[in-house]
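Here are a few friendly notes to read alongside the model. Please keep the viewer open as you go.

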Amino acid sequence: MEKPAETNTPIHDSLARRWSPRAFSERPVEREKLLSVLEAARWAPSSRNEQPWAYLLAAREDIANFDALLGVLVDSNRVWAQKAPILILTVAHTRWQKEGTPNRVGIYDLGQATTNLVVQATSLGLSTHQMGGFNVEAARARFHVPEGWEPVTVVALGYSADPETLPEALRGREIEKRRRKPLEEFVFSGTWGIPSPLLESNGNK
Ligand SMILES: Cc1cc2nc3c(=O)[nH]c(=O)nc-3n(C[C@H](O)[C@H](O)[C@H](O)COP(=O)(O)O)c2cc1C
């Protein structure tokens with residue numbers, strides 16, 4: 001299913017077409033495509049080029065590993081994510097490598113790398129669904145995530161499927177309209193809360 005963003009101004013095709021389905025096909029992800037999305041993450045910018053990110057992969061056929069990652073998800077995510085062929089635990093280094101002091105932008109940098117991954121996946125015809133709903137401490141313990149590293153999200157990656165394959169309770173959300181705030185609510189100039197003059201008569205509603 002396609003659910004392209006209804007944009008006021010044209011944006012890159014892979015940004016417009018990205019959305020977060022819950023209906024995943026069990027079709028495996030080709031190794032080349034998986035390597036490509038990880039390579040995209042690799043080339044993200046980061047403060048001091050620290051690259052403070054790590055990805056723990058779990059492919060569906062690697063049953064013990066996959067079940068372990070599935071097992072840390074909250075129930076409402078596990079119910080649909082179990083069909084995804086790949087789950088990825090994303091982890092940020094929240095300390096500077098050299099000084100060991102807190103890196104305020106470590107999670108931001110992980111987010112940028114993961115956006116690269118997600119957009120590259122879209123460009124390859126794959127779908128992604130990021131999840132914050134999981135037990136962080138259980139993930140840390142199960143996957144031996146070291147001190148100074150923070151599990152942040154789990155990403156489901158694969159090919160989307162027909163919404164009809166979802167449990168009935170989830171179908172409505174799958175087809176509901178995608179919504180976004182207008183630019184006026186978050187693009188300011190001069191003073192917090194004052195929309196930038198750039199937006200005047202831009203029709204950003
Ligand atoms: C950091 C993050 C955490 C999220 N956590 C969840 C989650 O736990 N469960 C879920 O179903 N969706 C989750 N989502 C998906 C969002 O609900 C989704 O991106 C948002 O509703 C916008 O929809 P779209 O991605 O289809 O444009 C998360 C997305 C992000 C970026």
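1. Which residues have the most contacts inside the largest nonpolar core? They are Leu 69, Trp 80, Leu 87, Leu 89, Met 131 and Val 154, in a core of 25 residues. Such a core is a set of buried Ala, Val, Leu, Ile, Met, Phe, Trp, Tyr and Cys residues joined through side-chain atoms within 4.5 Å, where buried means under 20% relative accessible area (1.4 Å probe, protein chains only).

2. A word on the source: this is a predicted model, where local features need pLDDT of at least 70 and side-chain atom pairs count only at pLDDT 80 or more, while totals for chains, interfaces and linings use all residues. Residues are numbered from 1 along each chain as its sequence is written, and side-chain values use heavy atoms, leaving out hydrogens and water.

3. Back to the largest nonpolar core, with its 25 residues. Helix H3 (63–72), H4, strand E2 (86–93) and strand E4 (149–158) each give two or more residues to this core, and H3 gives the most, with five. Helices (H or I, at least four residues) and strands (E, at least two) are DSSP runs, numbered from the N terminus.

4. Now look at the ligand. A polar side-chain atom of Asn 77 lies 2.8 Å from a ligand nitrogen atom, and one of Arg 178 lies 2.7 Å from a ligand oxygen atom; a polar contact is a pair of N or O atoms within 3.5 Å.

How values were computed
Polar contact = N/O pair within 3.5 Å; in protein donor to acceptor, adjacent residues only side chain to side chain. Buried < 20%, exposed > 50% of the residue type's maximum accessible area, 1.4 Å probe, protein only.
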